Structure formats: structure tokens, C-alpha cells
Amino acid sequence: MSLIKRSLAEFIGTFWLVLGGCGSAVLAAAYTADGAKISESTSFPLGIGLVGVSLAFGLTVLTGAYALGHISGGHFNPAVSFGLWAGKRFPGSDLLAYIVSQVLGSILAGGVIYLIASGKAGFTLTGSNPLATNGFGTHSPGGYGLFACFITEVVMTFMFLLIILGVTDRRAPKGFAPLTIGFALTLIHLISIPVTNTSVNPARSTGVAIFAGVELFSQVWLFWLAPILGAILAGWLYLAVFSESTVEERQNIEELV
């Protein structure tokens, strides 16, 4: 596939990830219905909640990877591209094209979410995480500070990349990688939504923060630095310890001993 076609697949895949994940958080996470039959005067929650949003992010990656993974590799995330590059699974010459495509796809998705959400009377960009933005301090859903949020994003992205590198290794069972990666992203969201609203994806953070105002956008740097750091560390570790050549070298040494 040409780089243009692969970049287009990354644009569409990242658009789908942000639209499905952040869109579910903005439009479906929590709402109420008046006049429910539970009682004549009570409202009850109908939203999908934290578990539903976590599943939405996992499902977008799962479906996107099956649909587009054979074209571009299904990164949909600058941190994944950096991690695969660090693990020598992806050429550095393609990094810029992939990252630009991912960020543009995310921005388009953020704009679509904003247009849909603003179609409801009374919609405002209020609260600590409008448009499902990520943040620390006052913009952390649970009020977590900068250091806790930094560690969370580094560790979660590190594990995400280890899983990706493992299930896409040619020694791994074939055909299950998108399922595993989707479930991994779901689990990551279940753990870390209360801390940072879960990024592990610089493009996802940027695409919605652009529409949420200067204060939220000023915190996006963390969600570039921490995920990319965690991803690169995972790529280096997998290459140094678990790569096929490393395993073969170890086996040869054991045979000699």
C-alpha cells in the first residue's frame, strides 16, 4: 500500500476511534428520562456510564483494526506509532505522515461531536472535562494531581504497547490481535478514567481539547509526553527482551551450556 492510502486509513481509523469513544462519553454516558414508571416523580439514569464508555473505546479499536488494520497496521494513535517504531516494527520515515493523519482525523471527530452536542438546547462547554477531554488537577475526573496523572498515562500506555507488540508478533496466534487490543483498551479505560479520563493517545486528547477552550488545551502536553514515553519504553523492552532474535540467541546459549 502507498503511504497516501495508509495515511488515509489512519485518518479514518482515528476519526472512528474518537467519534466512537469520546462521542459515547459526551452523548451517551449519562442522561435521564422524566416520567419513568419507577415512580411518577423520579428520573432514573439511562446513560451507559464508565463501563459503557470503556467498552466504546475498545469496540472502536476492535472494529477499526479489523476493517483497516490490513491497510495501515491500525495504529490510530501517535503513541502506538512511536512504540512500534521503537520496537523496530515501523519505519521512522513514515512517522510524520501517520501522526499528521491521526491528529487530523481526531480533530474532525472532535468537531463532529461538538456540532452534534451543541444541537441540544442548553449545551455548554462546562464541567471539568467538556467534550470528554483529558486533564490533571481540577480537570482530572477524580481530582488527581499532575504526577499521578503522568504515572498513570506512562504505565497504561506502556502496558498497551506491550500487549500490541505481543499479539502482533508473528509467533502469536493469528487473527486475534484486534480482539485482544480492543479488550486491553477497554480495561485501560476502566482503570484510568477516574484519573485522567484516559488518554493513552495524544491524537484523541488533541482532537477534542481544541474545541474545549484554552485551559483544557494547555494541558494537552502531558498527554503527548506521557503516552509517547510509555510507548517507547515498551518498544525498547520488547525488542531487547522478547523479540524473536533475542529469544533465539538465548536458546542458542542454553544449548551450548
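**View 1. Helix H2 packs against helix H6.** The axes of H2 (residues 49–72) and H6 (residues 177–196) come within 8 Å and cross at roughly 155 degrees, where axes are lines fitted to C-alpha atoms over the stretch in contact and angles run from 0 to 180 degrees between N-to-C directions. Helices are DSSP runs (H or I, at least four residues), numbered from the N terminus. The crossing angle makes H2 roughly antiparallel to H6, a term used for angles over 145 degrees.

View 2. Residues of H5 including Cys-149, Phe-160 and Ile-164 meet residues of H6 including Ile-181, Leu-185 and Val-195. By class, this contact has 14 nonpolar, 4 polar and 1 charged residues.

**View 3. The largest nonpolar core has 46 residues.** A nonpolar core is a set of buried Ala, Val, Leu, Ile, Met, Phe, Trp, Tyr and Cys residues joined through side-chain atoms within 4.5 Å, and buried means under 20% relative accessible area with a 1.4 Å probe, protein chains only. Val-18, Cys-22, Phe-160 and Ile-181 touch the most other members of this core. Helix H5 (146–167) is one of the helices that each supply at least two residues, and H5 gives the most, with 7 residues.

**View 4. Ile-164 lies in helix H5.** Ile-164 is buried, with a relative accessible area of 6%. Leaving aside neighbours within four places in sequence, Ile-164 is in contact with Val-80, Leu-84 and Ile-181. The C-alpha atoms of Ile-164 and Pro-178, 14 residues apart along the chain, are separated by 9.0 Å.

**Notes to all views.** Residues are numbered from 1 along each chain as its sequence is written, and side-chain values use heavy atoms, leaving out hydrogens and water. In this predicted model local features need pLDDT of at least 70 and side-chain atom pairs count only at pLDDT 80 or more, whereas totals for chains, interfaces and linings use all residues.

Definitions and conventions: Angles under 35 degrees count as roughly parallel, over 145 as roughly antiparallel, 65 to 115 as roughly perpendicular and the rest as oblique. Buried means under 20% relative accessible area, exposed over 50%, partly exposed in between (1.4 Å probe, protein chains only). Contact means heavy atoms within 4.5 Å. Ala, Val, Leu, Ile, Met, Phe, Trp, Tyr, Cys and Pro count as nonpolar, Asp, Glu, Lys and Arg as charged, and the others, Gly among them, as polar.
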